[in-house]
Amino acid sequence: LTPACAGLLQLELKWGELPLPGSPFRVQVSGAVSRDPSRVQVTGVGMPGVVDRPLRFLVTALEGAGPGPLLVNVTGGCRPEIRLHNLGPGCFEVIVVVSLPGEYQISFCWGDEQSPVPGSPFPVTFYSSL
């Protein structure tokens, strides 16, 4: 077992379907977490958006990125709807929907808010229609 984060973890051990005596065990994990946001790629950037329609991004954490989480923030003319779907290990779909046209900034960070992925924040223009 290689923990992906520091903190108090609960470890459940079983023999077949039966828990081992004393399981689950509480384990305190310490140390720094190794993350590399430069190993995270965002596709779908550079595309304009349309008001009230989903704008999709695919975020892929490549080998060596370390554990997330993926953080997404959108700033601009209105409060956006942000949907994050985990597609599997290290792969996410991010959907952004805004209700007002204008210039927005979409930020993607890996692990914490001080670790932006390359190129983030990304400028996006949302139009009333295309």
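Q: Is Leu13 buried, partly exposed or exposed?
A: This is a predicted model, in which local features need pLDDT of at least 70, side-chain atom pairs count only at pLDDT 80 or more, and totals for chains, interfaces and linings use all residues. Residues are numbered from 1 along each chain as its sequence is written, and side-chain values use heavy atoms, with hydrogens and water left out. Buried means under 20% relative accessible area, exposed over 50% and partly exposed in between (1.4 Å probe, protein chains only). Because its relative accessibility is 34%, Leu13 counts as partly exposed.

Q: How are the rings of Phe57 and Phe108 arranged as a pair?
A: Rings of Phe, Tyr and Trp (its six-membered ring) pair if their centres lie within 6.5 Å; planes under 30 degrees apart count as stacked, over 60 as edge-to-face and the rest as tilted. By this rule there are 4 aromatic pairs. For Phe57 and Phe108 the centres are 5.5 Å apart and the planes at 65°, so the pair is edge-to-face.

Q: Is Phe108 buried or exposed?
A: Phe57, its ring partner, has 3% relative accessibility and therefore counts as buried. The relative accessible area of Phe108 is 0%, so Phe108 is buried.

Q: Which residues do ring pairs link into a cluster with Phe57?
A: Phe57 is in a pair with Phe108. Ring pairs link Phe57 into a cluster with Phe108 and Phe122.

Q: With which side chain does the side chain of Thr125 make a polar contact?
A: A polar contact is a pair of N or O atoms within 3.5 Å; within protein, one must be able to donate a hydrogen and the other to accept it, and residues adjacent in sequence count only if both atoms are side-chain atoms. At 2.9 Å, the partner of the Thr125 side chain is that of Glu103.
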